[in-house]
Amino acid sequence: MLPTTSVNSRSQGNGALSPRDAARHTAGAKRYKYLRRLFHFRQMDFEFALWQMLYLFTSPQRVYRNFHYRKQTKDQWARDDPAFLVLLSIWLCVSTVGFGFVLDMGFFETVKLLLWVVFIDCVGVGLLIATLMWFISNKYLVKQQNRDYDVEWGYAFDVHLNAFYPLLVILHFIQLFFINYVIISDSVIGYFVGNTLWLIAIGYYIYVTFLGYSALPFLKNTAILLYPFALLIMLYLVSLACGWNFTKMLCSFYKYRVK
């Protein structure tokens, strides 16, 4: 049986939240609760976070069904447990160290690469994408403009993290086993394998992002979030025709940034 909340305890008779409950549901209060739990590892559910990471590959729809459950029980779509973020950070650190090892970087170069990947590739780009998607979804995709129906910024950032995790595993883990011996070679097989992994990774990012916003019942026309697939496939075919090796370009960029 799902936990229930008494209507009388949350409302004042006219359906509105009481001042105390309203204060608990502000963005600031939710952010404070999230950051406070970030420093209490015993309060984090790492087992459930690992379950989410597994199903983001096998059945991402099940992950977003849990977001529905959170909305029903805790009145928020965004995660209130930072365990997923902590595990993602660990994955990011380990995979980046592996990337530095494969590219034959020194200790300080690997540290620079780690800082770049964490604060620019993940956090910086994530904040930008989450803010952009938060604005677009609230401005153009909400069925009726009402403050009771809006996309939480924290949820938009969660969707980015969900979509970023498979991309991270594909490009920063699976790809490592093929870089030196296959991908960065000048052969057709090299850029075919590398660019195909990029196609799968970015395609996964687009699909998981689409699932995240289509899971919200008050949004409309979320199918437009799948439109970048057409541009992605076209870019992939052009890259094969022109012999562009995205992974080789990325490795050269990383080596340049850490000098």
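# A guided tour from Trp-153

Select Trp-153 to begin; this residue sits in helix α8 (residues 153–172). The model on screen is predicted. With a relative accessible area of 32%, Trp-153 is partly exposed. Keep Trp-153 highlighted, since the next stops return to this residue.

**The whole chain**

Zoom out and colour by secondary structure. The chain holds 12 helices and zero strands, and its pattern along the sequence is α-α-α-α-α-α-α-α-α-α-α-α. Of the 259 residues in the chain, 41% are buried. Display the contacts between residues with a separation of 6 or more: 72% of these join residues 24 or more positions apart.

Two of the spans may be inspected in turn. Residues 114–136 are 100% helix and 0% strand, and their end C-alpha atoms lie 31 Å apart. Residues 225–247 are 74% helix and 0% strand, with 25 Å between the end C-alpha atoms.

**The nonpolar patch**

Select Phe-107, Phe-108, Val-111, Leu-115, Phe-119, Ile-120, Val-123, Leu-127, Trp-134, Phe-135, Tyr-140 and Trp-153. Together these residues form a nonpolar patch on the surface, with about 1200 Å² of accessible area. Which helix gives the most to the nonpolar patch? That helix is α7 (residues 107–141), with 11 residues.

**Trp-134 and its surroundings**

Centre the view on Trp-134, a member of the patch that lies in helix α7. Trp-134 has a relative accessible area of 33% and is therefore partly exposed. Show its neighbours: leaving aside residues up to four places away in sequence, Trp-134 touches Val-151, Glu-152, Trp-153, Ala-156 and Tyr-213. Draw a distance from the C-alpha of Trp-134 to that of Ala-156; the value is 5.8 Å, although the two residues are 22 apart in sequence.

**The buried residues of α7**

Now select Val-117, where α7 bends by about 30 degrees. Val-117 is one of the buried residues of α7. Which helices do the buried residues of α7 pack against? Their partners are α6 (83–102), α8, α10 (188–214) and α12 (246–257).

**The salt bridges**

Side chains of opposite charge can pair when their charged atoms come close. How many salt bridges does a search of the whole structure find? The search returns five, and the following selections cover several of them.

- Select Arg-70 and Asp-80, whose side chains meet in a salt bridge at 3.9 Å, N to O. Arg-70 belongs to helix α5 (residues 60–74) and Asp-80 to the loop between α5 and α6, so the pair ties together parts that are 10 residues apart in sequence. Arg-70 and Asp-80 are both buried.
- Arg-70, Lys-74 and Asp-80 are linked in a network of salt bridges.
- Select Asp-158 and Arg-79, which form a salt bridge with 3.4 Å between the closest N and O atoms. This pair links distant parts of the chain, as Asp-158 lies in helix α8 and Arg-79 in the loop between α5 and α6, 79 residues apart. Both Asp-158 and Arg-79 are buried.
- Select Lys-71 and Asp-75, another salt bridge, with the closest N and O atoms 3.3 Å apart. Lys-71 counts as partly exposed because its relative accessibility is 28%. Asp-75 is also partly exposed, at a relative accessible area of 22%.

**Two loop residues with positive phi**

The tour ends in the loops. Select Asp-104, found between α6 and α7. Its phi is near 60 degrees, a positive value in a residue other than glycine. Is Asp-104 buried or exposed? At 70% relative accessibility, over the 50% cut-off, Asp-104 counts as exposed.

Finally, select Asn-221 in the loop between α10 and α11 (228–242). Asn-221, likewise a residue other than glycine, has a positive phi, near 55 degrees. Its relative accessibility of 53% means that Asn-221 counts as exposed.

Definitions and conventions. Residues are numbered from 1 along each chain as its sequence is written. This is a predicted model: local features need pLDDT of at least 70, side-chain atom pairs count only at pLDDT 80 or more; totals for chains, interfaces and linings use all residues. Side-chain values use heavy atoms; hydrogens and water are left out. Helices (H or I, at least four residues) and strands (E, at least two) are DSSP runs, numbered from the N terminus. Patches are made of residues with over 30% relative accessible area and no salt bridge: like charges are joined within 9 Å, nonpolar side chains (Val, Leu, Ile, Met, Phe, Trp, Tyr) within 5 Å. Accessible areas come from the Shrake-Rupley method with a 1.4 Å probe; for residues, only the protein chains shown count as cover. A salt bridge is a side-chain nitrogen of Lys or Arg within 4 Å of a carboxyl oxygen of Asp or Glu. Buried means under 20% relative accessible area, exposed over 50%, partly exposed in between (1.4 Å probe, protein chains only). The bend at a residue is the angle between axes fitted to the seven residues ending there and the seven starting there. Contact means heavy atoms within 4.5 Å.
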